[in-house]
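Let's take a friendly walk through a protein structure, one feature at a time. Have the sequence and the picture at hand as you read.

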There are 2 protein chains.
Amino acid sequence: MGRLPDEFALIHRYFAPLAAGVAGASGLTDDVCTYAPPPGHDLVLTTDALVAGVHFRQDDPPDLVARKMLRVNLSDLAGKGAKPVGYLMTTAFDASVDEAWLAAFVRGLAEDQATFQIGLMGGDTVATPGPISLSLTALGILPVGTAPRRGDAKAGDRILVSGTLGDAAFGLRLLQGTSWPLSDPVRQYLIGRYRLPEPRLALGQALRQSGSVHAMMDVSDGLVADLGHICAASGLGARVRAQAAPVSSAGASILAFAPDLLSLVLAHGDDYELLLTAPEAEVDRLVGLAGQVGVDLVEIGEMSPGSGVAVLDRDGHALDLGRGGFRHF
Amino acid sequence: MGRLPDEFALIHRYFAPLAAGVAGASGLTDDVCTYAPPPGHDLVLTTDALVAGVHFRQDDPPDLVARKMLRVNLSDLAGKGAKPVGYLMTTAFDASVDEAWLAAFVRGLAEDQATFQIGLMGGDTVATPGPISLSLTALGILPVGTAPRRGDAKAGDRILVSGTLGDAAFGLRLLQGTSWPLSDPVRQYLIGRYRLPEPRLALGQALRQSGSVHAMMDVSDGLVADLGHICAASGLGARVRAQAAPVSSAGASILAFAPDLLSLVLAHGDDYELLLTAPEAEVDRLVGLAGQVGVDLVEIGEMSPGSGVAVLDRDGHALDLGRGGFRHF
């Protein structure tokens, strides 16, 4: 591992500045970080692992790898309407990682720390024969007992989803070499949605504060899979109108010549939008709240007694999406 | 990855039972866990990464891999005198991991969860082309502001260390094929010290509660390296008497025919004992407190103005231990 400085020098030079504003982190000179949530608040904890070649491409820009790792976890916090406070991170670097890679990786973290007003609270840096493996544990806070759970959906609830679905799936296909007749800005938009998700933090907090949301989570495994999680946890079924799934104009232009790719919109994942259920009477108000934070929120279906997710086409026939969603095994 | 069940089935079958007693973990059916420390308490957070072939051997028993991962983090909490409450874990499994491996891995976690009265609060399970990569974030609590820091040592403080040093280093050498003329129970003792460290949780809490400890941490990188961290963070130097370093009877029997291996005692790491500094007048009381929880605590040197760690032999000459301690790069 001669490409990198000594472990402690590396932490001091690259990672300690990321912890500069964190009171309990002691500039990463200690084994631990201390933190106390404000009185009356729950801590919200989430963790994710990323492996090169599985979750990101070895040749992805390192600053974007870092920012996506952070944002994927912040998206989990957004799904509960939590306010992020900081994160711990482990990095296992292989021999391909040199100081230029590391400097860009850290620059990406610093940029997003400023964007989201969070700091590095602790971590561990080790060597691996490869591939690069990263993990991040993010901490957020919200008033005690207010986290909307997957299991909180009620029969009759309307199902709402934020933003647009499928963009990241299309962007990944483009990176993998699919050639669609798209303008360069459209290509860049889709690739950007894959590489740099936008955690819906402001929206999540506004929706939680409304007091009208039942179940809520972020869409990371794909709409059908994640709605399936809400169904399973709530002991209910769901009916979704495929045509109601929100699609960007970029996505729509692809679906115009490849309508079968609607499956990517419904079941690919990596969307990092919010998925929630709420009583029908609250839908208009929630859509209005979303508008105030500048994000679209649309109704796509409803929860029902039973089990499983039915996706219906224009004619009310159920679509077969296979297993639905990205799974690791 | 056909050797393992579907990601969600895997979580449900193997990991969810580990979260059964954790109120905020929702049986791992949600993306997040909620937790609030008791009023008046700080949360103490620590994280570690482990890679097969680096931190453990691919053929190590999986239950011991799991328990060591947990204990290494609990040892960080012990080093602050914190009481552990739970942990989050990410697992990246390669194709070598089958259900038998996983079942043993989870059995190890369950066993130590019961021992240490903690639960699984969340996690993420992914596939990797290899090697197996694990990360764990442990949470502990202690009264606000009472965590003893690395930077809290004062000039004149006596340096104390718990238990015995070097056993894990000798155990690893044995596993790597070194043939020393040792009885089987002695071999097994040393290998056990490598494979299954004993986090000094009760001792750490008793020492913190004494109010007499200045700096404290666990010895994971080796006595010289970790004492060097205390020196650097406190802006002081340290003098250690090599002969005072506590050695088990098993270790002493090796040193009897290989005295040069004292370097393993002083600078190898993986000891997971406690290292602390305290005023001279408090030493006897702290040693007595340690005795009450059944652990030896011995004085090995003192903090002084200056910088760096000097290790002195019987004649007061400084020993050269090279860089001292295990480093990753």
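Between chain B and chain A, 13 residue pairs are in polar contact, both residues having pLDDT 80 or more. A polar contact is a pair of N or O atoms within 3.5 Å; within protein, one must be able to donate a hydrogen and the other to accept it, and residues adjacent in sequence count only if both atoms are side-chain atoms. Before going on, please note that this is a predicted model: local features need pLDDT of at least 70, side-chain atom pairs count only at pLDDT 80 or more, and totals for chains, interfaces and linings use all residues. Residues are numbered from 1 along each chain as its sequence is written, chains are lettered from A and ligands numbered from 1 in the order in which they are written, and side-chain values use heavy atoms, with hydrogens and water left out.

**Where the chains meet**

The contact (heavy atoms within 4.5 Å) takes 64 residues from chain B and 65 residues from chain A. About 5200 Å² is buried between the two chains, and carbon and sulfur atoms give 59% of that area. Buried area here is the accessible area (1.4 Å probe) that two parts lose on being put together, summed over both. Several elements give two or more residues to the side of chain B that touches chain A, among them α1 (7-15) and β2 (41-51) of chain B. β2(B) gives the most, with 10 residues. Helices (H or I, at least four residues) and strands (E, at least two) are DSSP runs, numbered from the N terminus.

β2(B) also pairs with strand β1 (residues 33-35) of chain A, in the antiparallel sense over 3 bridges; pairing needs at least two bridges found by DSSP. In this pairing, T34(A) stands opposite V44(B).

How are the two copies related? A rotation of 180° with 0.0 Å of shift along its axis superposes chain B on chain A, with RMSD 0.0 Å. The two copies are thus related as by a two-fold rotation axis.

R158(A) lies in strand β6 (residues 158-162) and E280(A) in the loop between β9 and α10 (283-292) of chain A, 122 residues apart.

**Backbone details**

Most residues other than glycine have a negative phi, and most peptide bonds are trans.

| Cis peptide bond | Omega |
|---|---|
| G130(A) to P131(A) | about -5° |
| G130(B) to P131(B) | near -5° |

P131(A) sits in the loop between β4 (119-127) and β5 (133-143) of chain A. D270(A), in the loop between α9 (262-267) and β9 (273-278) of chain A, has a positive phi near 65°.

Note on methods. Least-squares fit on C-alpha atoms with pLDDT ≥ 70 in both.
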